[in-house]
Structures are given as structure tokens and as C-alpha cells.
Amino acid sequence: MRKRVLFKIVAPFAVALAAASCEGDEGNTCGGPTPEERARNQAVFDALAPSCQGCHVTGARGYFASIEAFESLVVYNPAEVVPGKPDASELIRLLEGKGTRAFKQMPIAGPPFAEIAASGSTKMTMAQIRAWVTNLESRASDPLPSIEAHRITRLSAEEVGRALYQQLGLTDDDFYLPASSYGIPHKTSQNDDRYPFTSADSIPAPYENLPVERFAALGGGSAPNQMKADGSVSPSFLGTITQVSQRWCALALDKAGNTALLPAGASAQTGSADAASVKAVIRFWYLHFHAVAATDADVDRVFSTVFVPLEMEKDARNAYIGTCSYFIRHPDWIFY
Ligand code: HEC
């Protein structure tokens, strides 16, 4: 449920800058291929992919990661394909074992593509691929950013940790005790119920593994553990941010003398009977977590749809915890 809401809210960002124009020369439309051209490129992609995908789905040579990657890095890249001129196209030369640069053929080992095609085991013949180049319309790539490209980025696991410590008024001391292992300084988790998470690469190094696993669930990478950071909004990220935000909001509210969340003098006992005080906190949290100056309507909505129902379920403290974690699980917090 939470996940669906998230994507619905995120989608409008993608169309926000949709009004891109393209001033190329006539007939050199740069708005991307027509549906017919896309279909012809897709057929070539599908015919080549089984022979190429093994080495070209990721990294700088990720030509076969998607049809868009294939089009922008190969099809409409004059260094690889010269529209109308198969013999001048390095792609064709590579497929036929006549490459003129560092490599003679693709795939780099075994028979080149043309030979595999000659044996009849590919979806297109070499002659059909040559004909595709002969009939290819040239397209300048659009100098403007793609309207489909991601424009917003999720906070990394490290950023989630730093932002939460700062915004909730928590530090490593709330989660760990100093320790030492073979004379190397470590930090040992006081209690895993607090849902600590930390990078394996942090100094002092974490003694237990659970905080490190939680960090990985948030998409954090680690050089010594040979794990790549994962910037996607995965189910494990959402599950972990939900648990962590609720637990840490509770820790922050219960922490003696902590004024990060509730201004000095305010109390987590103050419920909706004193609506003005609660709304003042909600207004402050809009600024604090989302850097947004909330309208009265925003504040009223969070008050009546988040705070009040949670208070009715249990008590005011419960409502503050839930409202605090609502702000943290919100797309305005997760993305920038
Ligand atoms: C076994 C791994 C492997 C396979 C399979 C493979 N390639 Fe490559 N390809 C490479 C490597 C390695 C390079 C060079 C990368 C570099 O220079 O960084 C390369 C480079 C290329 C280049 C750039 C060459 C240049 O000089 O600009 C093209 C184009 C290419 N491959 C197309 C293909 C196509 C099309 C297929 C399938 C028919 C294919 N590759 C299959 C490993 C592979």
C-alpha cells in the first residue's frame, strides 16, 4: 500500500520538464525514432542480443541494457553505425570479423556473428542487418536531456543515516558502546531492538553483523564486502526505512533533553485536545524534514488523517511517532 502511494506521487516529477524542444536541421528530427523505426531497431536488438548481452548489459559498454541504450550508444552513434553505409559502419565490420579498431570481431571469442548467422541460428541474417543499416534514417541525438530520464535520486544508505542522526538528534552513542577486538577499536550494538544500521566500512568498525545487514537492506555498498550500492527503491529499502523510522522516532522522542523533534518545553503527552500545539509541531516538521513551508491545509490534513487516528489507536506519543515516521517515509524525504 505504502509503495503504491509512493510511486503515484513520484510519477509527476518525470513529466515536469516535458516541454523540451529540438532545433535540429530539417528532416533531422531529434525527438527520438518513430514507432516504425523503433520496431526495426528492436528487431535488430532482438537478433543480436543473445550473442552480445552476456558482456554488454552493464557499464560503459552496456549497449544491450535496453533498447534506448542500444539506440543511443550504437544505432545513432556515428562511430558505430553510419546510416545508409553498412561497409563504413564499425558495427557491421565487427559482426563480420573485419573490425578496424582494437577488436576484429564481436563476440570477441568464437565465431563472429556473421558466421553464427550463416549457420541459421539467429533471428536475422547478416544480409537483413546490412539492409537495416542501408535504410536507416540518421538522427542527431537530442542535445536536451531525455524527458524519460530519472531526474530525482533516492538518498543513499549513508545519507539516510546522516540525515536521521541530525534530524532526530541521535548519535552513535544511542546505539553502540565502544569496544575493541584484537586491539582494533570497534563499536558494539547495545541492543538490536533499536534497529541500528551502519556501513561495514565505518570507523570504528561495527562488531555485530545485524547493523551491517540493515545498511545493505537500505542499499548501502561496501568495498571490503564487495557489495555495490543499490540506489533503487527496492522492497527491502522501503521495509527497512519503515521499521527504522518508527523505531528511531520513538528513541528520539524518548531521549532526555533532546530538542531536535519537540521544542524545549513541548511534550509528547500533548495530544489533539491541544490542537494548536500539535499543529505547531506538524508545521515545524514540514520544514524540518521536507524543507517545505506548509500551508494551513497541509498541516490540517496531516493532523486529521495521520495524527488523530494514531492517537485514537493508542495515545499521543504513538501519534507523534507515527507522524514523525510519516515524514521520513514520504517521497519528499526519500528523494532529492
Ligand atoms: C565475451 C564478451 C563479449 C561479447 C559476447 C561481445 N562483446 Fe562487444 N566488446 C567486448 C569487449 C571486452 C569490448 C571492448 C570494451 C572496451 O574497450 O572497453 C567490446 C567492444 C564492443 C564494441 C565497441 C568496439 C569499438 O571499437 O567501438 C561494440 C560496438 C561491441 N562490442 C558490440 C558487440 C556486439 C554487437 C556483440 C554481439 C554480436 C558483442 N559486442 C559481443 C566484449 C564482448
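Two residues are in contact when heavy atoms of theirs lie within 4.5 Å of each other. Among contacts in this protein between residues at least 6 apart in sequence, 53% join residues at least 24 apart. What you have open is a predicted model, so take this tour with that in mind.

**Stop 1: the whole chain**

Show everything as a cartoon to begin. The secondary structure comes to 13 helices and three strands. Colour by accessibility and you will find that 40% of the 336 residues count as buried.

**Stop 2: helix α2**

Now select residues 35-52, which form helix α2.

Look along the helix to Asp 46, where α2 bends by about 30 degrees. A proline, Pro 50, follows within four residues of that bend.

Next, show the side chains of Glu 37, Asn 41, Val 44, Phe 45, Ala 47, Leu 48, Ala 49 and Cys 52, which are buried in α2. In an α-helix there are 3.6 residues a turn, so residues three or four places apart point the same way.

**Stop 3: the ligand**

Cys 52 is buried, with a relative accessible area of 13%, whereas Cys 55 is exposed, at 61%.

Which side chains should you pick for distances to the ligand?

- His 56: an N or O atom of its side chain is 2.7 Å from a nitrogen atom of the ligand.
- Glu 80: an N or O atom of its side chain is 2.7 Å from an oxygen atom of the ligand.
- Arg 101: a polar atom of its side chain lies 2.8 Å from an oxygen atom of the ligand.

**Stop 4**

Pro 107 sits in the loop between α4 and α5. Most residues other than glycine have a negative phi, and most peptide bonds are trans. The next stop has further exceptions to look at.

**Stop 5: the strands and their loops**

Select Ser 181, which is found in strand β1 (residues 176-181). Ser 181 is buried, with a relative accessible area of 15%. Beyond its neighbours within four places in sequence, Ser 181 is in contact with His 186 and Tyr 207.

Move to the loop between β2 (184-189) and β3 (205-206), where you will find Pro 204. The peptide bond from Ile 203 to Pro 204 is cis, with omega near -5 degrees. The loop between β2 and β3 also holds Tyr 195. Tyr 195 is not a glycine, yet has a positive phi of about 55 degrees, and is partly exposed, with a relative accessible area of 25%.

Then go to Gln 226, in the loop between α8 (210-217) and α9. Gln 226 has a positive phi of about 50 degrees, although it is not a glycine. At 74% relative accessibility, Gln 226 counts as exposed.

**Stop 6: the disulfide**

Where is the disulfide? Select Cys 249 and Cys 324, which are joined with an S to S distance of 2.0 Å. The count of disulfides comes to one. Cys 249 lies in helix α9 (residues 235-254) and Cys 324 in helix α12 (residues 316-329), so the pair ties together parts that are 75 residues apart in sequence. The link is left-handed, with -70 degrees about the S-S bond, and both cysteines are buried.

**Stop 7: around Phe 327**

Val 302, in helix α11 (residues 296-313), counts as buried at 0% relative accessibility. Leaving out neighbours within four places in sequence, Val 302 is in contact with Ile 282, Tyr 286, Phe 307, Thr 323, Tyr 326 and Phe 327. Val 302 and Phe 327 are 25 residues apart in sequence, and their C-alpha atoms are 9.7 Å apart in space.

His 290 lies in helix α10 (residues 275-290) and is buried, with a relative accessible area of 10%. Not counting residues up to four places away in sequence, His 290 touches Trp 285, Phe 327, His 330, Asp 332 and Trp 333.

Conventions. Residues numbered from 1 in each chain as written. Predicted model: local features only at pLDDT ≥ 70, side-chain atom pairs only at ≥ 80, totals over all residues. Heavy atoms only, no water. Helix = DSSP H or I, 4+ residues; strand = E, 2+ residues; numbered from the N terminus. Expected span 1.5 Å × (residues − 1). Bend = angle between axes of the 7 residues up to and from the residue. Buried < 20%, exposed > 50% of the residue type's maximum accessible area, 1.4 Å probe, protein only. Polar contact = N/O pair within 3.5 Å; in protein donor to acceptor, adjacent residues only side chain to side chain. Disulfide = S-S within 2.5 Å.
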